[in-house]
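Colleague: Please take one close look at the salt bridging here, and at what surrounds it. Keep it brisk.

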Amino acid sequence: METQLNNLMPLIKMNVGKLEKDMNHDLMQYGITCSQARVIFVLYDSPNGILSMKELEKRFQVTQQTMLGIVKRLENKNLVERCSEPQDTRTKRIRLTADGAALGENVCKSFCQTQVKIDQALTEKEQDTLRVLLNKLYISIA
């Protein structure tokens, strides 16, 4: 275990895994996963609660198939719906339903609770440093 804690890659994975596990536990009451909640959150935070599939794929850096799977599960729960762009029917837009918009507020609260855990663990300066370092790491391995 000591080797894992001194090695950055497992340490980063352990932290992300723990945060996701905690969030999934919190979100279980709404019947959604962390991945689904992130999509709801992004749509809730976007103008009119609508984004294209391409925008979602780019924002989450996932394949079309992965995003389609998430969207289909959210559609089955009546939280989002797909609609065509009036100017280009090939462009699919994803929009929150009334149920999805109502859930968006709860998802925001759940994300805020997770942020509070981070705020309690790190000072503002440490968070800024971590943010800079994680961005630097992401750019260098991208």
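Modeller: In this predicted model, Lys-117 is partly exposed, because its relative accessibility of 38% falls between the 20% and 50% limits. Its salt-bridge partner is Asp-22, with the closest N and O atoms 3.5 Å apart. This pair spans distant parts of the chain: Asp-22 sits in helix α2, Lys-117 in helix α6 (residues 98-121), and 95 residues separate them.

Asp-22 also forms a salt bridge with Lys-18, where the closest N and O atoms are 2.9 Å apart. This one stays within helix α2: the two residues are four apart, so about one helical turn separates them. Lys-18 is partly exposed too, at 47% relative accessible area.

Now the sheet. Arg-95 and Glu-81 join their side chains in a salt bridge, at 2.8 Å from N to O. Here again distant parts of the chain are linked: Arg-95 is in strand β3, Glu-81 is in strand β2, and they are 14 residues apart. Arg-95 counts as partly exposed at 30%. Glu-81 counts as partly exposed at 32%. The structure holds six salt bridges.

What does the sheet look like around Arg-95? Three strands make an open, antiparallel sheet, ordered β1-β3-β2. β1 (50-52) and β2 (80-84) are the edge strands, each pairing on one side only. From one strand to the next the twist averages 30°. β1 and β3 (residues 92-96) are held in the antiparallel sense over three bridges. Arg-95 is the bridge partner of Ile-50. Helix α4 (residues 53-60) lies across β1 and β3 and runs at about 85° to β1.

Beyond its neighbours within four places in sequence, Ser-52 is in contact with Thr-91, Lys-92 and Arg-93.

Helix α2 has another side to its story. A nonpolar surface patch is formed by Leu-8, Ile-12, Val-16, Leu-130, Leu-134, Leu-137 and Ile-141, with about 610 Å² of accessible area together. The elements giving two or more residues to this patch are α2 (8-27) and α7 (124-141). α7 gives the most, with four residues. Val-16 lies in α2. At a relative accessible area of 43%, Val-16 is partly exposed.

Note on methods:
Residues numbered from 1 in each chain as written. Predicted model: local features only at pLDDT ≥ 70, side-chain atom pairs only at ≥ 80, totals over all residues. Heavy atoms only, no water. Patch = residues over 30% accessible without salt bridge, like charges linked within 9 Å, V, L, I, M, F, W, Y side chains within 5 Å. Areas by Shrake-Rupley, 256 points an atom, 1.4 Å probe, with all protein chains shown as cover. Salt bridge = Lys/Arg side-chain N within 4 Å of Asp/Glu carboxyl O. Buried < 20%, exposed > 50% of the residue type's maximum accessible area, 1.4 Å probe, protein only. Pairing = 2+ DSSP bridges. Axes fitted to C-alpha atoms, helices over the stretch in contact; angles between N-to-C directions. Contact = heavy atoms within 4.5 Å.
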